[in-house]
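Q: Please take one part of this model and go through it closely with me. I would like to follow the strand pairing and the packing around it.

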Amino acid sequence: MANAQLLWVDDEIELLKAHLLFLEKKGYEVETATNGYDALDLCRERTFDLILIDENMPGISGLETLGRIKEITPTTPVVMVTKSEEENIMDQAIGSQIADYLIKPVTPTQILLTLKKNIHRKEILTEQTQSAYQQDFGKMGMLIDDARSIEDWKDVYRRLVNWELQLSETDSTMKEMLAMQKNEANQQFARFIERNYLEWISRPDMEGRPEIMSPDIFKRRVFPRLDEGEKVFLIVIDNFRFDQWRVIMKEIADLFHIEEDLYLSILPTATQYARNAIFSGLMPNIIAEMFPDLWVDEDSEEGKNLNEAPLIQTLFKRYRRQHTFTYNKVNDSAAAERLVQKLPQLTKYDVNVCVLNFIDMLSHARTESRMVRELASTEAAYRSITLSWFQHSAVGDLFRTLAASDYRIILTTDHGSIRCQNPIRVKGDKNTNTNLRYKLGKNLDYNPREVFEIPDPHRAQLPSPNLSTRYIFAHGDSFFAYPNNYNYYVSYYRDTFQHGGISMEEMLIPLVELTPKKRP
């Protein structure tokens, strides 16, 4: 069987016999035509994997032939071959969606390269990526075993995400091996967090504590930029994972200089705790003590993030900051469009805070809607929907508009999420919270070997509604399930994206600074 079926259109095809013999020896079947009309007839009769067209031919030109071929077979890659190096010819060819552009005289190597790029790209990519990951598998295992600091774990997670993104573009069977390695990394990451978290919280100045956790965002990132005389646009995308950032990053790389980092979310990795900690600069129990009117208890019917602007105000007041700020929440495209239209009026403020809720809404919709679950059936599909949202919503317009501004843009999130697979039985009374990745209550019944338990919330600087309240956290890809109606509960929530617990996806989250390039 031929490597591929090719059509080569050139009025001087007799002069290309050496090239045709070369391609046939490489296993390609090559059909030829000396003019555009014959080429069009051949395209109507059969399917080709790639078509090479000479630009300068009698009758209809190569460009006109190209346009008509695209009407017949729009997905077939077409390579323009021409003696002309005129820029307008190249522009017209590119505008007609050519796959490649070769200048005569072409060499067999050039032709082979364009065939590999346009016909065999995926299989070559799969083979090369699979081979590279196989070689790196052992090194990754050693990195996971030797991780002793939060910086080590950042490096592990970055590399795992890098492989995940690369392998997702291939047909490699290595994806399952990577998933197993990532699961093992998450188990060891959870043990690392269990060993160190409470000490980090009780001793914020200790050596080895993560440089930035949720309450440190303003202190260590926003305020220093203000002190340097810059204006800051802080964008918080709720429930935004590092892999999602990486696919969006490609969309804005031409617009901004990018300084990428990860920071550690506090526990629970949930909006009520982590985002309130960002905006107040305080741990949750301190918020509840100092500003009881701004803290919303777990059992309250009130929204958990309604007091974010007042919390920012308390933060500025506590640090004696005279800077002006705005707070903007975007829940849909209409709100995003209104924010873009309002941007000229926002330039008079020192800090503009914007919360984007789409990804969190998507994760909840994926749980509740069978159709959305089908659309985001895999990690890759989940990333793809995130990218599509960014490309086709007013949020993309927001970033493009900011790229022409003088703002320092800080892009971050409050927490990520993990795809849950493994149910863990837990019992609680009617006052126990509903989150699937963490529980708090006074009558929790569980296997302590399966969770990270905090019997004294004060040590973790978490609110304690009752004297006997304790918190437990799921790790790895686990989620909590009640014994009542257990099978239905497990079936409904397995394979959904949840947050609140301990995993790299939930806790190691993007903290990115963007400086507009502002090209002319």
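A: In β10, V236 has T412 as its bridge partner. This is a predicted model, where local features need pLDDT of at least 70 and side-chain atom pairs count only at pLDDT 80 or more, while totals for chains, interfaces and linings use all residues. Residues are numbered from 1 along each chain as its sequence is written, and side-chain values use heavy atoms, with hydrogens and water left out.

Strands pair if DSSP finds at least two bridges between them; strands (E, at least two residues) and helices (H or I, at least four) are DSSP runs, numbered from the N terminus.

On this sheet packs helix α9 (residues 217-227). Its contacts (heavy atoms within 4.5 Å) reach β6, β7, β9 (351-356), β10 and β18 (508-516). The direction of α9 makes about 150° with that of β6, using axes fitted to C-alpha atoms, for helices over the stretch in contact, and angles from 0 to 180 degrees between N-to-C directions.

Now for the whole sheet. Its 6 strands follow the order β7-β18-β10-β6-β9-β8, in an open sheet with mixed pairing. At the edges stand β7 (256-264) and β8 (325-330); each has a single partner strand, so one side of each is left without a neighbour in the sheet. On average, neighbouring strands of this sheet are turned by 15° against each other, direction ignored.
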